[in-house]
Amino acid sequence: MDRRSFVKGATAACILAASADSVTMGQTQGQAGSTQASRSTIRWKGFNLQWQQRKTDPSTKPAYEESDFQNMSNWGFTFARLPLSYWIWGKPTDWTYIDPEPLKRLDRAVDLGRQWNIHINLNFHRIPGYCINGRELEPADLFTGRAAERDRALQAAVYHWRYFAKRFKSVSSRNLSFDLINEPPKMRSYEGAFQERYVEIVQALVKAIREEDSDRMIFADGINIGQSPVIELADLNLIQSTRGYQPKAVSHYTATWVPKDEFETFKTPTWPLTDDKGVVWDRAKLKQEYIDKYKPLTDRNVLVHVGEWGCYNKTPHEVALAWMRDCISCWNQAGWGWALWNLRGDFGVMDSGRADVAYEDYQGHKLDRQMLELLREPPKETTA
């Protein structure tokens with residue numbers, strides 16, 4: 001499933017995994033009070049898992065398959081990011097409405113995580129007032145427009161996250177964390193001071209969550225569609241979530257939902273890649289884009305993880321694997337974890353629909369064994 005289909009199909013509405021050596025819980029900073037993990041001892045690896053139930057499905061259909069958790073655990077992954085749309089339990093016509101019934105399926109996912117030693121990261125992929133896809137479907141915009149409408153959207157976002165904080169307060173941060181907003185938008189110059197607005201939003205959401213549950217581990221995406229750090233959030237005791245989709249000419253080759261101005265070239269991808277401006281994309285370039293720009297944060301002991309990454313199924317498989325290997329090498333060197341988008345679907349290790357892969361039949365699915373084994377490789381010593 002591609003990311004656009006996920007959002008549209010998730011009227012209903014994964015990173016990873018923590019194969020951590022240890023986690024230091026209960027550390028606080030000032031008034032923030034959030035549970036934090038030790039930077040030196042965590043490595044997270046895993047997948048994004050999509051909510052699979054639509055509102056028209058029978059009530060008995062599970063939103064998440066236990067076999068996904070079992071497979072991740074058996075393969076050595078221990079963290080799943082669950083991208084969610086508030087439309088699952090709420091509705092855009094009434095932001096004060098929350099139906100607890102569908103959230104029982106989310107409770108089940110958290111329980112499955114505990115059962116299979118998978119840390120669950122709940123992400124609002126669609127939050128009141130914003131989604132990276134179909135943003136215009138919201139009745140008011142969280143980031144732009146009249147102040148009264150922005151405030152109304154923020155109040156609704158706070159209301160829904162506060163509800164989640166209350167609902168899951170009894171679940172330890174060892175098992176569950178929150179990821180506030182998926183991929184804040186790129187802002188055009190006439191739309192105002194975006195970064196300041198995003199900081200304001202995050203501060204309000206964090207305050208609401210910590211008023212209900214002071215120990216909840218919280219993630220915040222970077223700005224610029226999750227790709228750039230937010231230094232102003234460094235003192236909030238959050239983990240910042242980045243992305244691994246560069247260059248788009250490789251990761252999203254022929255993807256129709258990506259704006260054309262985000263592609264470096266439209267040529268059939270290779271790896272390394274020389275784009276239309278003559279820029280060479282290789283492991284060294286990935287390190288500049290993925291790691292070096294986050295140094296102002298990591299120098300302040302802020303943890304970083306890669307909340308989403310992956311390669312669309314139209315990219316030649318050999319190229320995809322070579323690019324993925326260099327991505328992982330960069331993150332291993334930095335000590336960061338990651339979550340592939342997705343486990344099953346167009347970017348995943350199962351049922352990805354690639355035309356150039358000899359799939360293995362696996363529990364009723366088509367398994368890309370080469371990709372899976374690449375993801376499972378233990379970190380190796382690398383040089384910059």
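Modeller: Asp99 caps the N-terminal end of H3, with a side-chain oxygen 3.0 Å from the backbone nitrogen of Glu101. Helices here are DSSP runs of H or I with at least four residues, strands are runs of E with at least two, and both are numbered from the N terminus. This is a predicted model, in which local features need pLDDT of at least 70 and side-chain atom pairs count only at pLDDT 80 or more, while totals for chains, interfaces and linings use all residues. Residues are numbered from 1 along each chain as its sequence is written, and side-chain values use heavy atoms, with hydrogens and water left out. The protein chain has a mean pLDDT (the predictor's confidence in each residue, from 0 to 100) of 88, and 85% of its residues reach 70 or more.

H3 covers residues 100-115, which is 16 residues. From first C-alpha to last, H3 reaches 23 Å, close to the 22 Å expected at 1.5 Å a residue (1.5 Å times one less than the number of residues). Buried residues (under 20% relative accessible area, 1.4 Å probe, protein chains only) in H3 are Pro102, Leu103, Arg105, Leu106, Ala109, Val110, Leu112 and Gly113. They lie on the same side of H3, because they cover an arc of only 160° around the axis, taken from the directions from the helix axis to the C-beta atoms. These buried residues pack against helices H2 (66-75) and H4 (147-167) and against strands S2 (79-85), S3 (119-127) and S5 (176-179). Just after H3, Asn117 takes a positive phi of about 60°.

Terms used
Buried means under 20% relative accessible area, exposed over 50%, partly exposed in between (1.4 Å probe, protein chains only). Contact means heavy atoms within 4.5 Å. A polar contact is a pair of N or O atoms within 3.5 Å; within protein, one must be able to donate a hydrogen and the other to accept it, and residues adjacent in sequence count only if both atoms are side-chain atoms.
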